[in-house]
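Dear colleague,

I am passing on the structure we spoke of, together with some notes on what came out of going through it. Please have it open beside this message as you read.

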Amino acid sequence: MSKKLIDLVHISKSFDGAAVLDDLNLYIRENEFLTLLGPSGCGKTTTLRLIGGFDTPDQGQVIFDGKDITSLSPNQRQVNTVFQKYALFPHMTIAENIAFGLKIRKKSKQYIQDKIKYALKLVNLDGFEGRSVDSLSGGQQQRIAIARAIVNEPKVLLLDEPLGALDLKLRQDMQYELIRLKNELGITFIYVTHDQEEALTMSDTIVVMNQGYIQQIGTPEDIYNEPSNAFVADFIGESNIIDGIMVKDRLVELLGVTLPCVDEGFGQQKPVDVVIRPEDVELVDPSNGQLAGEVTSLIFKGVHWEIDVMANGFEWLVHTTQMHPVGSHVGIHIDPFNIQIMHKPESSDERAVETDE
Amino acid sequence: MNKLKRQFLAGPYLVWIIGFILLPIIMILYYALTNQTGEATLSNILAIGTPIHSKALFLSLKLAFLCTAICLVLSYPLAMILSNIRKKHQNLIVFIFILPMWMNFMLRILAWKMLLSNNGVINSVLETLGIPPLDILNTPTAVVFCMVYDFLPFMILPIYNSMARIGKDIIEAAKDLGAGSVTIFFKIILPLTISGVVSGIIMVFVPALTSFAISDLLGGGKVLLIGNVIEQAFMQEYNWNLGSGLSIVLMVFVIASMALMSAHDKEGGGAGVW
């Protein structure tokens, strides 16, 4: 694996007495696309601003390439930021916007010209040099904001929900564009978003945060398939989260039935959270199911049907390509490897795990 | 039909424009270009060339420049400080600055006349502190002082508004790209507030140039501005022709100064109202 580029060590930060980050530890590798994912107020933007230098931590250190940069101001750091609302300079042309950082570092006219051309080509906006900021659409402005940041050849590009203001189609196009850019530039991207799909699509590593604590760090596959707690499971995609009791290794009891699973090491007769993804719930004939229930709602979602099934006092969310009309009786079957067992939050430290709903 | 109705609604405003704006201007033009027996002449306009009139115009321009410059120097840093403090406090401080505007203009001038007089509050306090008295009443200094006091909010507000419109993320973006505070001021803040500065200059310079009440009350008859000359022509000499002629000259200066400033304000933000 490549070396650590940024290391956040024991970071705490509070605003007006309210703790936003509490003893956060996180490192970011060189050349990684890392996403900070979480609901609003989880501390993800604060983490980004600490790396960018816009805020300083109350406690802890920001280490960059082996050096402590905790107290350096933003203009002395080798990182550049793409802001949520683009933050282009409205009184300058596109070329002047892109040249801003280069002029400060006293690059030659020819160098600046070449860089502007290169950057505009990179974001697919050739020939936009003389245009005014007002004449550009949101997506174009965002791409200029990216161009303005990358001409400075930062070691790290910080992106603060840069696609938040764009419509769905444009957002998806920009996601692919960002992946392409990251591969072409070979620099580290740190991306902040509350959109789990965006995070799954683009990231090498996802950091799921809630209420100032890191909930899980892993690859998109890890996070989706093996969520480490109920919060992550609920936040990443949709889930059925059910109170259960781990009878013994590889056997869990939920809603009055005992099901085989593949998890071990939880002890015997221990209360746990059981997480089952809606696409992992199989609807079968009532007589063949582990549970029996009745369809209460049916919504067509294009690729699949979204079905609510009431069974053993729990409303199951099911994604399936087969239609079952409302009122029909169905059986539910779950394969052992599709059952995820999670520890219940125990101490008050883990309260952050609880979902807000 | 609908179109007719909508035009009908504009009627009252049309009457207003014709009756209170166009007609008076035509009348002033008529008086300015005729003598008291009704014959056409340019003498009323050329009268600006007589020493007493040109001296008054020159003094008006000088004091208006001074007043505008002092207002600008006071307002710009204030607007900067204001836009950097908490929003809640910003509104309160702006409110305090415009509070005097709720008082009658003449009352404010009269108040300063009392305060600055030889045995007024200010000199009494200075006397008890053993500091020599401030003898500025009936001098141009007092006139400029009161002009600045009266017109300062008109400079503060447009500059503050343009300053408050600059997003925090714009400043952060500049920092992020390596700009220090000096660069941020000259490359970002100053260019983005220039339209507010232009509006402020026009809104202070024009009333300062044409004012006559302040010099009348605080100048003690010793500070003769072009506004006072015009007022005397109308009210004391009953020479409407001379008064109109000099008004036209003053109007030319006002329009010229506005045009000059507007040319520097490409965005046209705010200054357009004038």
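In chain A of this model, which is a predicted one, four strands form an open sheet in the order S2-S1-S4-S5, and their pairing is antiparallel. The edges are held by strand S2 (18-29) and strand S5 (67-68) of chain A, each of which pairs on one side only. Between strand S1 (residues 4-15) of chain A and S2(A), which run antiparallel, there are eight bridges, and Leu26(A) in S2(A) is the residue that stands opposite Leu8(A).

The aromatic side chains deserve a separate paragraph, with 17 aromatic pairs counted over all chains. One of them joins Phe33(A) to Phe189(A), with 5.4 Å from centre to centre and 35° between the planes, and this pair is tilted. It links distant parts of the chain, since Phe33(A) belongs to strand S3 (residues 33-37) of chain A and Phe189(A) to strand S8 (residues 188-193) of chain A, 156 residues apart. Phe33(A) counts as buried because its relative accessibility is 1%, under the 20% cut-off, and Phe189(A) is likewise buried, with a relative accessible area of 0%.

In chain B, Phe185(B) and Phe186(B) form an edge-to-face pair, because their planes stand at 85°, over the limit of 60 degrees, while the ring centres are 5.1 Å apart. Of these two residues, Phe185(B) is partly exposed at 22% relative accessibility, whereas Phe186(B), with a relative accessible area of 52%, is exposed. Elsewhere, ring pairs link Tyr30(B), Tyr31(B), Phe234(B) and Trp240(B) into a cluster.

Two charged side chains of chain A also lie over ring faces: Arg148(A) is over the face of Phe89(A), at 4.7 Å from the ring centre, and Lys107(A) is over the face of Tyr111(A), at 5.3 Å from the ring centre.

That leaves the interface, where 21 residues of chain A are in contact with 18 residues of chain B. The two chains, A and B, bury about 1600 Å² between them, and 64% of this area is on carbon and sulfur atoms. Of the area that chain A buries against chain B, 30% is supplied by Asn75(A), His91(A) and Phe100(A), more than by any other three residues. Two salt bridges are counted between chain A and chain B, and Arg86(B) forms a salt bridge with Asp16(A), in which the closest N and O atoms are 4.0 Å apart.

Conventions:
Residues are numbered from 1 along each chain as its sequence is written. Chains are lettered from A and ligands numbered from 1 in the order in which they are written. This is a predicted model: local features need pLDDT of at least 70, side-chain atom pairs count only at pLDDT 80 or more; totals for chains, interfaces and linings use all residues. Side-chain values use heavy atoms; hydrogens and water are left out. Rings of Phe, Tyr and Trp (its six-membered ring) pair if their centres lie within 6.5 Å; planes under 30 degrees apart count as stacked, over 60 as edge-to-face and the rest as tilted. Helices (H or I, at least four residues) and strands (E, at least two) are DSSP runs, numbered from the N terminus. Buried means under 20% relative accessible area, exposed over 50%, partly exposed in between (1.4 Å probe, protein chains only). A charge sits over a ring if NZ of Lys or CZ of Arg is within 6 Å of the ring centre and within 35 degrees of the ring normal. Two strands pair if DSSP finds at least two bridges between them. Contact means heavy atoms within 4.5 Å. Buried area is the accessible area (1.4 Å probe) that two parts lose on being put together, summed over both. A salt bridge is a side-chain nitrogen of Lys or Arg within 4 Å of a carboxyl oxygen of Asp or Glu.
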